[in-house]
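Below are some short notes to read alongside the model.

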Amino acid sequence: MNWNATFFTLLALAATGLASKELHEALSQPTPQAAPAQVARAVADVVEVASVATTPRWPALFGEPQPPKPPAPEPAPEVTQEEPQPPRPPLSSLGYELRGIVRAGDTVWGLVSHPTGEKIMRAGDMLGDDLPIARIDETGLWVDNGGEEPELLGYPENQ
């Protein structure tokens, strides 16, 4: 076994010596000057090989890569003008009447009569479907009737 190891070690040393001698000879020789035509031809060959190497041999499975699309512009918000609403009818035509006002400390209630019945109301309650009571004072019940200022629902003798 020792003879085999010794034989292959000597064989490897001989191969290394031969390779180093050839390397020395290759590096010792001066490099030849290439002609410009040869350089241009070599560059063209390299470019051709590079372009052939980058073209795929197989068709793309999911299509060709595409550049990203620019983001779609946001749609302009539609400007809709509200249709002018007809004025609401006066409170007196709706059948509401103020019967009285009750004050207890800071709290104020109003007794409102309607053909469907009487109700005790306070500020913030809804008179009918969409008529909020803005405030109650000595003159009567002030109802927000959709106008600029609240409308007064006063006592029947004061209207």
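1. A definition to begin with: the expected span of a helix is 1.5 Å times one less than its number of residues. Helices (H or I, at least four residues) and strands (E, at least two) are DSSP runs, numbered from the N terminus. For the 27 residues of helix 1, the rule gives 39 Å, and the end C-alpha atoms are 39 Å apart, which agrees.

2. Before going further, please keep in mind that this is a predicted model, where local features need pLDDT of at least 70, side-chain atom pairs count only at pLDDT 80 or more, and totals for chains, interfaces and linings use all residues. Residues are numbered from 1 along each chain as its sequence is written, and side-chain values use heavy atoms, with hydrogens and water left out.

3. Now the overall layout. The protein chain has two helices and six strands, and along the sequence they follow the pattern α-α-β-β-β-β-β-β.

4. How much of the chain is buried (under 20% relative accessible area, with exposed over 50% and partly exposed in between; 1.4 Å probe, protein chains only)? Buried residues account for 14% of the 159 residues. The accessible surface (Shrake-Rupley method, 1.4 Å probe; for residues, only the protein chains shown count as cover) comes to about 13900 Å², and 60% of that belongs to carbon and sulfur atoms.

5. Back to helix 1, which covers residues 2-28 and includes Leu 11. The number of buried residues in helix 1 is zero, so the helix lies largely in the open. Leu 11 itself is partly exposed, because its relative accessible area is 48%.

6. Strand 2 (residues 107-114) holds Val 108, which counts as buried because its relative accessibility is 14%. Leaving out residues up to four places away in sequence, Val 108 has contacts (heavy atoms within 4.5 Å) with Ile 101, Val 102, Arg 103, Met 121, Arg 122 and Ile 136. Val 108 and Ile 136 are 28 residues apart along the chain, yet their C-alpha atoms are separated by 6.7 Å.

7. With residues up to four places away set aside, Ser 113 touches Gly 95, Tyr 96, Glu 97, Arg 99 and Glu 118.
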